[in-house]
Amino acid sequence: MIPAVLVFAYLAIVLYIGIFAFRRRSPSIGPDGRAAEDYFLAGRALGPMVFLLSLFGTNMTAFTILGSAGHAFANGVVTFGLMASSSAFIIPLTLFFVGTRMWAMGRRHGFITPVQMFRDRWECGHIGTAIFVVQAALLVPYIIIGVMGGGTALSAITSGFVPYWLGGAIVAMVVMSYVFFGGMRGTAWVNTFQTVLFLSFGAIALVVIGRGMGGFPAAIETLLASPASAPLITRERVSPLFFFSYTFIPLSTIAFPHITIFCLTARRMAQFRRTVIFYPLCILAIWLPCVFLGVAANAMHDTPRIEQKLEARRTLASAPASMSADERAALRRRAAGDDVVPIMLERYAPLWLAGILGAGIMAAVMASDSQILALSTMFTEDVFAFYGGKARFGEAVQVQTGRLFVVVVTVVAYVIALRAPQSIFDLAVQYAFSGYSALSPLLFAALFWKRSTKWGALAVTLWVAFAVIYTATTPGALAWFGLMPVVPMTMISCALMIIVSLATPAPSASTVARYN
Amino acid sequence: MRGLFLTVAIIGLYGLHQDIWFWRTARPLLFGFLPVGLWYHAAYCLAAALLMWVITKTAWPTHLEEEPRR
């Protein structure tokens, strides 16, 4: 009961933050405009701490707390090197090179979305629409997963008292409300609050569980002593080439529209300084406890729910070739470790901490707010405004259209979440990461390569659309030489941008000069 | 010269992520419980933060900083 009360209190707080942000609209908005900038970009006026914590929070999804521990439970310490330390290096580096320049071009030319910049930089119209379509298609699975995660988490935290359909509806309503009213300002403040919760939770959980387990050294020695679990403490089960491939995945971050758009919200460029320096430290603070706890859970043989998972894993490892695909899938589900951190807290932590964990999980699964706002921003700027809506109806109607789009997207995501199996969208999100990594050459070319052209951009966009569909529908596709598909996808994107651009006419000198 | 130093540092740190020399070993354990495959990459995060500090100190794009707002 206590965890459920704390989670509902959390939902009330984030709702209040969104509405409070609505009341704090920029006083500089006159009748002539900047209403769109204020709603979609928080008036380009976010302060340094909100910029850092919110940007980090935007990247913290349900996977960070639950999925990372689950991955480490099954695969061992390699999870941290695969997903955390590579991100700790690549993401701030791209923020430094691409984010700062994107911020400057946004301020110089008034851009609100990356497609607006692509259209201007490459002197194109409909090619920008094609980029919008691919970006939007890759973003939608995230929003659906967020609603599904909300329903599942709320149902689990209230021990089934709130059913899945109602949990999903409550979470969708709360997210929709603070995005609807608060726009970027509300979303950024909520993300800041969530990040503070994440950072506090990780440290507390580690200390409490460590004490409960009788100290981590004993747990690690237990794991090392068993031939079945000792490989989890090394990385011998993963090939170095696969490990190398993963360093391409963080390239997706800067290409995600919600991150690119967020780069435009900083009041001053100096706010990127703290962000790029502290980003690796935030990753360390969140991921290290989650990964370590996931690995340590393998030593909890005295906990029936963990032992059932280990038993399912052993059965799967020794399964005969004749075992059906359905039986294997059922065993994989039983062996999955996404809930090991909640189990550890239930076993070792007091109720109040379980409640904070519940709020932390809700914060993680509600990370779809930024994606909903980004999709709304892209639609109103790249489609509604570009095809004459803003000129015909004015900026106030444009913002109202954006708000209406937030409602429509949330309702559609909720309806799909009720009807479709989650596994489909889990898979879609995985391919979306590769897709956005392969789209990142668009940003690099637009900002740094004068000779790049709209035809090069179109070739990259079509290639990414094809490659995502191809890899998602054909097992083993593009997994060349043991690499993950993201590597050839990104390399081919780069090659297409270079070859096609050199073979087609460059944009006018006056346009290129505006990007110096 | 400064550009060359930063380029080498960035490529070098990227290369250090691929620590195949600790691939099949758990020891030494830091504080008695953190396997080398974990603490090496935790230290890598600290090194990344340090490099980001150096980059922002020595290669900050000041020419972009005072963009006039349209």
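Leaving aside neighbours within four places in sequence, with which residues is Met362(A) in contact? They are Val7(A), Tyr10(A), Leu11(A) and Ala153(A), where contact means C-beta atoms, placed from the backbone, within 7 Å. The model is predicted: local features need pLDDT of at least 70, side-chain atom pairs count only at pLDDT 80 or more, and totals for chains, interfaces and linings use all residues. Residues are numbered from 1 along each chain as its sequence is written, and chains are lettered from A and ligands numbered from 1 in the order in which they are written.

**Nonpolar core**
- Val291(A), Leu293(A) and Met362(A) touch the most other members of the largest nonpolar core, which has 188 residues.
- Such a core is a set of buried Ala, Val, Leu, Ile, Met, Phe, Trp, Tyr and Cys residues joined through C-beta atoms within 7 Å, buried meaning that 20 or more other C-beta atoms lie within 10 Å of the residue's own.

**Helices 7 and 18 of chain A**
- The axes (lines fitted to C-alpha atoms over the stretch in contact, with angles from 0 to 180 degrees between N-to-C directions) of helix 7 (residues 126-157) and helix 18 (residues 369-385) of chain A come within 10 Å and cross at roughly 160°.
- Helix 7 of chain A is therefore roughly antiparallel to helix 18 of chain A, a term for angles over 145 degrees.
- Residues making this contact include Phe132(A) and Leu139(A) of helix 7 and Leu375(A) and Met378(A) of helix 18.

**Chains A and B**
- In chain A, 40 residues are in contact with 32 residues of chain B.
- Helix 5 of chain A gives the most to the side of chain A that touches chain B, with 16 residues; helices are DSSP runs (H or I, at least four residues), numbered from the N terminus.

Notes: Helices (H or I, at least four residues) and strands (E, at least two) are DSSP runs, numbered from the N terminus. Angles under 35 degrees count as roughly parallel, over 145 as roughly antiparallel, 65 to 115 as roughly perpendicular and the rest as oblique. Two residues are in contact if their C-beta atoms, placed from the backbone, lie within 7 Å. A residue is buried if 20 or more other C-beta atoms lie within 10 Å of its own, exposed if 12 or fewer, and partly exposed in between; C-beta atoms are placed from the backbone.
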